[in-house]
Amino acid sequence: MSHSYQAEPHELLTQKPGFLTSEDWWAVWLGLFIVALSSAQAAGLDLLGWAAKYSVWTDLSQAVSPNTKSFGFLGGFGSLLATWAFLLAITLVGARAMGLNLRRFAAGFSILYAITALSTIIGNYAYLAATPDKLGKFGISWSLGLGELGFVVSLLLGLILGNFFPKAAAFLSTAGKPEWYIKTGIVILGMTIAIKTVGAMGLASTVIFRGICAVIEAYLIYWPIVYIIARKFFRFTPEWAAPMASGISICGVAAAIATGSAIRARAIIPTILSSVIIVFVAVELLVLPWAASTFFADDPLVAGAWMGLAVKSDGGAVASGAITDTLVRAKALADYGVSYQEGWVLMAATTAKVFIDVFIGIWAFVLAVIWSIFRLNQAPAAQAVKKKRHAVSLREIGERFPKFILGFAAVFILFLLWGLSSPDMVKQVSAGAGQANLLRSVFFGLCFFSIGLITNARKLWQEGLGRIVGVYAVALIGFILWIGLGISYLFYHGILPPVVG
């Protein structure tokens with residue numbers, strides 16, 4: 001088997017310092033630019049309506065479309081071209097500032113985009129992606145329910161190219177910038193999370209309080225237990241254990257990547273963890289809503305909050321909440337003759353997840369400081385020479401601190417304050433946030449494919465993929481499901497949704 005060049009732990013970060021020359025900062029600038037365009041919805045301007053929207057499909061002609069009707073004339077293929085042209089234009093600006101070969105970057109990016117789009121379309125095929133509550137809509141009797149499978153397809157195609165076609169991989173490597181793409185996507189994510197948080201502010205006080213408790217569970221209970229299991233029982237290094245603990249405890253893909261960047265782990269680590277998380281989320285999505293509706297039809301908000309704590313991805317948690325909402329209401333009506341209002345179970349799941357997500361950036365900062373002080377990612381020989389704490393300068397912390405978190409925090413705080421001061425803004429800008437989120441998903445897909453492109457499969461297996469599955473299974477089945485259920489019951493037991501009048 002041929003192998004492509006393998007980046008070392010920090011080679012995936014552009015080392016050029018400066019606001020206009022570093023990959024880290026260009027993730028911030030591109031993210032802020034996309035957020036600014038999407039914010040124009042507040043003024044009635046639809047500046048991103050042409051962006052491609054991917055849908056679950058059985059008829060291929062329905063797989064992609066412009067996300068707003070005003071750009072319907074483009075059709076699905078036209079929206080794909082418009083999205084490609086826009087993303088190529090803005091990334092070329094950054095590529096030039098960073099001194100990359102523009103012709104090779106443009107050619108490579110175009111191929112990466114085409115493969116990512118194809119992967120997303122494949123991943124959204126109804127028999128692969130449809131959630132159980134949507135089977136009737138597509139006229140099918142079963143589905144794997146793997147709603148984020150497109151990312152895994154991108155990764156697999158990148159692995160094939162990177163390991164079997166080294167010349168092609170070398171040509172594409174100029175545009176294969178996983179850190180740049182994923183960080184840009186996370187900056188954009190700050191807008192979506194802020195708007196969700198503003199919406200949560202108007203919910204019942206008990207739901208808000210429950211969301212705050214979810215933060216304590218995820219960060220102060222789940223995280224250290226998963227970290228200890230990974231280190232002590234499965235013998236993972238801190239470089240693996242920290243992103244693993246965040247991904248399993250907090251919110252899957254985004255948390256694993258944010259933590260990996262904060263501690264300067266190799267880019268392959270959070271990506272492989274994310275793939276494992278996606279598979280586990282799919283299994284949970286198939287099992288947990290039915291368990292919740294079977295045992296908690298008389299305690300609907302307990303069922304909803306449990307989904308928010310147990311399913312470790314934003315999409316998976318919301319999807320499981322939606323399925324549970326439908327199943328619980330149907331069972332309550334059949335068994336008890338009570339017709340609950342739609343959406344309250346989903347609200348409990350979403351709120352718990354949102355409050356956990358809000359603190360991703362803060363947690364990444366905490367870990368960046370800890371890793372700077374203790375130098376936990378040093379080579380084993382260096383750690384053997386000096387294990388005790390050493391003095392750390394503010395400059396060192398600043399250099400290690402991932403700049404994209406500054407962009408994420410700025411976007412989140414801006415929209416949170418804007419939303420709290422002007423509640424009507426949420427309705428005006430939420431559509432724009434949805435458009436920005438479409439582009440965020442493209443950046444995530446580009447990241448997954450790029451990681452596959454630079455990955456040596458043999459070396460990956462040597463890192464211990466089976467042990468990753470072991471850590472996740474032990475953590476999920478051993479305590480995450482049951483602690484989440486217990487505390488959900490503690491805070492939501494006896495609190496019922498309003499009934500249909």
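A residue counts as buried when its relative accessible area is under 20%, as exposed when it is over 50%, and as partly exposed in between (1.4 Å probe, protein chains only).

**View 1. Ser 320 in helix α14.** At 0% relative accessibility, Ser 320 is therefore classed as buried. The residue belongs to helix α14, which covers residues 314-336; helices are DSSP runs of H or I with at least four residues, strands are runs of E with at least two, and both are numbered from the N terminus. Beyond its neighbours within four places in sequence, Ser 320 is in contact (heavy atoms within 4.5 Å) with Leu 285, Pro 289, Met 307 and Val 311.

**View 2. Phe 374 in helix α16.** Helix α16 spans residues 360-374 and includes Phe 374. Because its relative accessibility is 39%, Phe 374 counts as partly exposed.

View 3. Where pLDDT is low, the predicted coordinates should not be read in detail.

**View 4. The whole chain as context.** The chain has 22 helices and two strands. Of its 501 residues, 56% count as buried. The average pLDDT is 81, and 82% of the residues score at least 70.

**Notes to all views.** This is a predicted model, in which local features need pLDDT of at least 70 and side-chain atom pairs count only at pLDDT 80 or more, while totals for chains, interfaces and linings use all residues. Residues are numbered from 1 along each chain as its sequence is written, and side-chain values use heavy atoms, with hydrogens and water left out.

Terms used
pLDDT is the predictor's confidence in each residue, from 0 to 100.
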